[in-house]
Amino acid sequence: MIFDLETTGTSCQLDEVVEISAVKVVSGEIVDEFSTLVNPGMPIPYYASEVNGITDDMVADSPTFEGVLRNFLEFVGDAVLVGHNIHTFDMKFIQRDAQRYFGKSIGNDYIDTLQLARTYLPQLRHHRLVDLADYYGIDAEGAHRALNDCRMTQQVFEKLRLEMENPSDAAKKVKKCPRCGNILRKRSGKYGEFWGCMSYPECKYTQK
Ligand SMILES: [Zn+2]
């Protein structure tokens with residue numbers, strides 16, 4: 001199950017969901033889709049509309065997130081959730097709102113294709129979804145609308161699975177954090193070079 005959110009901004013404290021989509025995948029094929037705009041109950045800042053093209057007018061008659069999230073959770077069931085940058089972004093929003101509206105957390109396992117891409121394509125300088133689409137020659141038309149991003153993520157994920165089966169020499173050298181599984185990056189500090197977890201500041205693991 002691939003999913004994606006569009007929001008009013010990047011703050012998990014202040015911002016709200018304006019669109020949520022999911023695509024159900026069986027043997028590499030999309031077999032079902034869920035997608036709706038959401039009325040966030042706040043004005044959408046212009047810089048957010050710039051990115052996703054979603055305006056106040058478009059969501060004026062849309063449902064609020066409480067009902068949408070209920071339908072979304074029903075749609076995904078206990079499937080493993082897959083998405084791009086969901087570890088630090090999308091999961092936090094839906095966890096927050098599941099807590100807020102239903103007083104519970106979401107127990108689904110999830111796979112972040114951003115972490116996969118950093119692990120298996122360390123040679124790329126950037127790992128945004130559009131960078132990966134570009135690398136694999138996948139059509140990125142309509143990027144930053146949730147359903148399009150789900151479809152792109154699905155195609156990227158299929159490619160990344162092949163990388164996982166047959167990792168490059170560069171990928172084999174990538175160091176993983178033993179505490180949280182994210183990637184360790186070489187950093188330099190006061191006392192010289194060290195390896196630090198990319199989940200910093202959430203995960204403070206370091207290695208000499
Ligand atoms: Zn870590």
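Predicted model: local features only at pLDDT ≥ 70, side-chain atom pairs only at ≥ 80, totals over all residues.

Guide: Residues are numbered from 1 along each chain as its sequence is written, and side-chain values use heavy atoms, with hydrogens and water left out.

Visitor: Okay, why is Asp97 called buried?

Guide: Buried means under 20% relative accessible area, exposed means over 50%, and partly exposed is in between, using a 1.4 Å probe and protein chains only. Asp97 has a relative accessible area of 0%, so it counts as buried. You'll find Asp97 in helix H4; helices are DSSP runs of H or I with at least four residues, strands are runs of E with at least two, and both are numbered from the N terminus.

Visitor: What is Asp97 in contact with, beyond its neighbours within four places in sequence?

Guide: Contact means heavy atoms within 4.5 Å. With those neighbours left aside, Asp97 is in contact with Glu16, Val17, Phe65, Leu69 and Phe102.

Visitor: Why does Arg187 count as partly exposed, then?

Guide: Its relative accessibility is 32%, so it falls in the in-between class. Arg187 lies in strand E6, residues 184-189. Not counting residues up to four places away in sequence, Arg187 touches Gly192, Glu193, Phe194, Gly196, Cys197, Met198 and Tyr200. Its side chain also reaches the backbone oxygen of Cys197, at 3.5 Å.

Visitor: How do you know that E6 and E7 pair?

Guide: Two strands pair if DSSP finds at least two bridges between them. E6 and E7 are joined by six bridges and run antiparallel, so they qualify. Ser188, for example, stands opposite Glu193 in E7. The two strands form a hairpin with two residues between them.

Visitor: What about E7 and E8?

Guide: They pair over two bridges, again in the antiparallel sense, and Gly196 stands opposite Thr206 in E8. Put together, three strands form an open sheet in the order E6-E7-E8. E6 and E8 stand at the edges with a single partner strand each, so one side of each is left without a neighbour in the sheet.

Visitor: How many bridges join E2 and E3?

Guide: Eight, with strand E2 (residues 17-26) and strand E3 (residues 29-37) pairing in the antiparallel sense. Ala22 has Phe34 as its bridge partner in E3. Their hairpin has two residues between the strands, and there Ser27 takes a positive phi near 45 degrees.

Visitor: Last one: what makes something a pocket?

Guide: On a 1 Å grid over the protein atoms alone, a pocket is an open set of points with protein on both sides within 12 Å along at least five of seven lines, whereas a cavity is a set where a 1.4 Å probe fits but cannot get out; lining residues have an atom within 4 Å of a point. The largest pocket is lined by 25 residues, with Glu6, Val51, Asn85, Phe89 and His144 nearest its centre.

Visitor: How do the residues of that lining divide by class?

Guide: Into ten nonpolar, nine polar and six charged. Ala, Val, Leu, Ile, Met, Phe, Trp, Tyr, Cys and Pro count as nonpolar, Asp, Glu, Lys and Arg as charged, and the others, Gly among them, as polar. The lining of the second largest pocket has two nonpolar, four polar and three charged residues, and E7 gives the most to that lining, with three residues.

Definitions and conventions: Polar contact = N/O pair within 3.5 Å; in protein donor to acceptor, adjacent residues only side chain to side chain.
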